[in-house]
Amino acid sequence: MVVRSYNDELKYLEKINDHCWRIKKGFQPNMNVEGCFYVNRRLEQLMLEELKNSCRPGAVGGFLPGVKQIANVAALPGIVGRSIGLPDIHSGYGFAIGNMAAFDMDNPLSIVSPGGVGFDINCGVRLLRTNLYEKDVQPVKEQLAQSLFDHIPVGVGSKGIIPMNARDLEEALEMGMDWSLREGYVWAEDKEHCEEYGRMLNADPAKVSMRAKKRGLPQLGTLGAGNHYAEIQVVDEIYDKWSASKMGIEEKGQVVVMIHSGSRGFGHQVATDALVQMEKAMKRDKIETNDRQLACARINSVEGQDYLKAMAAAANFAWVNRSSMTFLTRQAFAKMFNTTPDDLDMHVIYDVSHNIAKVENHMVDGKERKLLVHRKGSTRAFPPHHPLIPVDYQLTGQPVLVGGTMGTCSYVLTGTEQGMKETFGSTCHGAGRALSRAKSRRNLDYKEVLDKLEQSGIAIRVASPKLVMEEAPESYKDVTDVVDTCHAAGISKKCIKMRPIAVIKG
Amino acid sequence: MLKKKLEALGYPTPSDMALSNRKDFASIVLWLEDQKIRQYAIEDRVILRNVENIEMWEDAYQKYCADLNMPSLGTQNEQLAWIVGHAIRLEFLDDPAQYESINSKQMQPKINNKQSQKKEQMIFDGQINVNDKEFIAGVRTLAGQLNVPHHPNHLVQLEAVARVVHERLSPAARGRQPIVGTPFPFDKGNDVVSDSDAALDLPMRILRLLQIQSLRQLQTHINETIVSVQNLTANPKTDTKLGKVGF
C-alpha cells in the first residue's frame with residue numbers, strides 16, 4: 001500500500017459540487033474507474049478526519065477509512081461507472097457500509113464479492129401503516145410496546161415462535177415470501193409492495209451449508225440484536241403530499257410501524273462460508289485485490305454462482321423473517337385495539353433490502369448493460385415508471401425507507417431519474433456509524449442512554465440493555481444530514497419524516 | 001408524417017428538415033409553390049422569393065394563405081401540414097389514373113391483413129360479416145353517440161366502443177361505487193416526461209396512466225388468485241413455548 005501524507009492524499013480528492021467529491025485514479029493502486037462520495041459540509045468533515053487519522057504515523061489496525069475502501073472497490077475487475085459512497089458511509093469488511101458498485105455481467109473477468117453485500121444478507125426495512133393517530137396510541141404506548149415485545153422474539157440467541165421444521169426451512173429458502181403467503185402469515189398485497197416481490201428466483205437451498213441451516217432454523221421470525229429494531233413511529237413531517245398519499249399516509253400524526261431486520265445467523269454463515277471458497281478461487285484465477293477483505297470470485301465461476309444462489313436463499317430467509325414479524329406485529333396491534341389488522345389498515349407500505357447484490361439493467365455510456373449491482377448499506381431507489389417497482393408507485397418512484405438511529409427519526413424518500421443516472425438507482429440506508437461499537441461502549445453509559453430516551457417520551461423495551469449504548473444516537477451520524485444530502489444531491493427525494501414513540505430492540 | 005409526405009413529393013432535403021427556423025419554413029413554402037401548387041404565375045411569385053428578407057416575406061405569405069383559401073390555423077406546423085396536404089391533392093388530381101392501382105381497399109389488407117383477420121375472428125366468432133356496409137354504418141353511429149373519436153378502421157373504433165361500454169355502461173360498472181378519496185393530480189407527479197414540449201407531455205402522461213390502470217387490474221387479479229389459493233393452504237400458527245418473548 002502507498003504511504004502518503006494527508007496533504008498528498010488530498011490531491012487525489014476533488015470537490016465536484018456542494019454534495020459530491022471525486023476520488024481520482026491513483027488514490028489507491030490499479031483503480032479501473034474513479035470513485036465518488038456524497039456528503040454535505042458536516043459529513044465531509046467526518047470523512048476527511050477519518051482519512052487524516054489513518055495518515056498519522058503508526059496508525060495501524062482496524063478498518064481502512066471509508067474513502068480508501070471506495071477506491072479499493074474501484075480497483076476490482078469488471079467494475080463499471082464509478083465506485084460510489086453514499087452519505088452514511090462508514091468502514092466495513094472489505095467494502096465500506098454505504099458503498100455501491102456495479103459489475104458488467106458480460107465481462108468474463110467481472111467479480112462478485114460477499115464483502116460487497118455484507119454479512120447480514122438482505123438486511124432491510126419494512127414499513128407498515130395503520131389508520132391510527134398519535135392520540136389513539138399515546139395513552140397506551142407502554143402497553144403497546146410491551147405487547148410487541150411479548151409477540152416478537154428479540155435479542156441475541158432468541159428463538160422464533162412460528163413452528164418450523166427442516167423441510168419448512170428448505171421450502172422457505174426457495175420460496176421466500178411466497179412461503180409466508182402459502183402458510184397464511186401475510187397478505188397478498190404485502191408481496192406486491194416488497195422489493196423483488198419478496199422472492200429471489202435464483203435461490204438454491206442446496207448451495208447453503210448444513211451449518212447455516214442449523215443456525216438459521218430456530219432464528220426464523222426473530223428480530224435479532226445489534227442495530228435491528230421494531231419501532232412504532234408517528235408521521236412528523238410530510239414533504240411530498242402526493243407521494244405520501246399514494247403510500248396511504250394522509251396526515252401528520254398517523255402511526256406507522258417500522259421493522260428493521262435481516263437474515264440473522266443464517267446470512268452470516270452463508271457469507272462466512274463463501275469467503276472461504278472465494279479465497280481459493282482467487283488463487284486459482286489469479287484475481288488480485290488491494291485488500292484481503294475484498295475476497296471475490298468471477299461471476300461466472302462455480303464459486304461466484306454458488307454464492308449468488310446461496311445469497312438469494314439468505315435473502316429469501318430475510319423476507320420470510322420480516323414477514324413473520326409483520327404477522328406478529330399485526331397480532332399485537334389487533335389484540336391491543338381489540339379489532340382486526342384489516343380494520344387497522346395495516347398494509348405494508350414497502351420493504352427494502354439494503355445489503356444485497358442484484359442483476360439489473362442500467363444505461364452505461366448511452367448503452368443498456370446487464371450489471372451485477374452490489375448494494376452494501378445502500379438502498380435501491382428506482383425512479384417513477386421503472387418496470388421493477390410496484391404499480392402503485394409508478395407515479396411517485398420507489399419508496400426508500402431510511403431507518404434512523406434509536407430514538408431519533410426515520411425517513412421515507414422516493415427514487416429519482418437523477419439517481420438512476422448517477423448512482424445506478426441507489427441511495428443511503430440509514431444514519432451510518434460514527435463511533436465503533438467498542439468505542440461507544442467505552443464512552444457511553446447505558447443507563448444515561450435509556451434515561452434520555454425516556455425523557456424524550458419514547459417507550460423502550462430492550463432485551464440486553466447493557467449493549468444499548470452501541471446503538472445510542474451519539475454513536476451515529478445524524479440521519480437528517482444524511483437524508484438532506486441525498487435530497488440536495490438529487491439522488492432521491494424527501495417524502496415523509498417519522499419520529500419514534502416506542503422502540504423494541506435486541 | 002409531414003416528413004414522409006414531403007419526401008413523397010420529392011422535396012430535396014427532408015431528412016434534416018428543422019422547422020424551428022422561419023426561414024426554412026419560408027423556403028419549403030416557396031418550393032411547394034414553385035414545384036407543386038403553382039397558385040401564382042411565375043412572375044407573381046417574386047414576392048414569395050424574398051426569403052432572405054423575412055419581414056417582407058411574411059406579408060406576401062399572409063396574402064398567399066388567403067389566396068389558397070387556407071383556414072385559419074394556429075401553429076406553423078399546422079399551416080405547413082395543410083399546405084403540404086393541398087400540394088398532394090393537386091399532385092394527385094394532375095393524373096388520378098396513375099394512382100388507380102393504389103387505393104385504400106387494396107392497401108388496407110396489405111397493412112393489417114393478419115391483424116384484422118384475427119380481430120374479425122374474435123368478434124362474434126366470425127358469425128357476422130364485419131365488413132358489411134350496414135355493420136360499418138352501425139359502428140359509426142354507435143361511436144358517434146358515445147362520443148368515441150373517429151378511426152379509419154371501424155374495427156379499431158368498435159374496440160374503443162366496447163371499452164367505453166365495459167368501463168361505463170356495463171351492469172358491473174353501473175353498480176360500482178364511485179371512487180372516493182383525493183384524486184392524484186397526474187401532472188404533478190415526480191415523473192418527468194418533457195420539460196419543454198407540452199404537446200408531448202400530456203399524451204405521454206395519459207398513455208402512462210392507461211398502462212398503469214391495466215397493470216393495476218392485472219395485479220389485483222394476481223392478488224385475488226393468491227387469496228383463493230390461501231383459502232386452501234393457509235394455516236398460520238404460533239407456539240410461544242418454542243422461544244422466549246417478553247423478558
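Let me start with a term: a contact means heavy atoms within 4.5 Å. In chain B, take the contacts with a separation of 6 or more: 39% of them are between residues 24 or more positions apart.

Now, what are we looking at? This is a predicted model, where local features need pLDDT of at least 70, side-chain atom pairs count only at pLDDT 80 or more, and totals for chains, interfaces and linings use all residues. Residues are numbered from 1 along each chain as written, chains are lettered from A and ligands numbered from 1 in the order written, and side-chain values use heavy atoms, leaving out hydrogens and water.

Stay with chain B. It has nine helices and zero strands. Helices here are DSSP runs of H or I with at least four residues, strands are runs of E with at least two, and both are numbered from the N terminus. Buried means under 20% relative accessible area, with a 1.4 Å probe and protein chains only. Of the 247 residues in chain B, 27% are buried. Its accessible surface, by the Shrake-Rupley method with a 1.4 Å probe, is about 17400 Å², and 56% of that belongs to carbon and sulfur atoms.

Chain B also splits into domain 1 (1-99) and domain 2 (129-175). Those bounds come from an automatic or database domain assignment. How far apart do the C-alpha centres of the two domains lie? The answer is 38 Å.

Over to chain A, and strand β3, residues 35-38. A:G35 and A:F37 point one way, A:C36 and A:Y38 the other, and all are buried. Two strands pair if DSSP finds at least two bridges between them. Strand β2 (residues 20-23) runs antiparallel to β3(A), with four bridges. There, A:R22 is opposite A:C36. Strand β4 (residues 79-90) runs parallel to β3(A), with three bridges. Here A:G35 faces A:S83.

Next, the cores. A nonpolar core is a set of buried Ala, Val, Leu, Ile, Met, Phe, Trp, Tyr and Cys residues joined through side-chain atoms within 4.5 Å. The largest has 131 residues, and those with the most contacts inside it are A:L13, A:I23, A:F37, A:I232 and A:M311. Helix α12 of chain A, residues 302-337, gives the most to this core: 16 residues. Apart from it lies another core of 29 residues, including A:V256 and A:C495.

Last, one residue up close. Leaving out residues up to four places away in sequence, A:I23 touches A:L13, A:F37 and A:V67, among others.

Conventions. Buried < 20%, exposed > 50% of the residue type's maximum accessible area, 1.4 Å probe, protein only.
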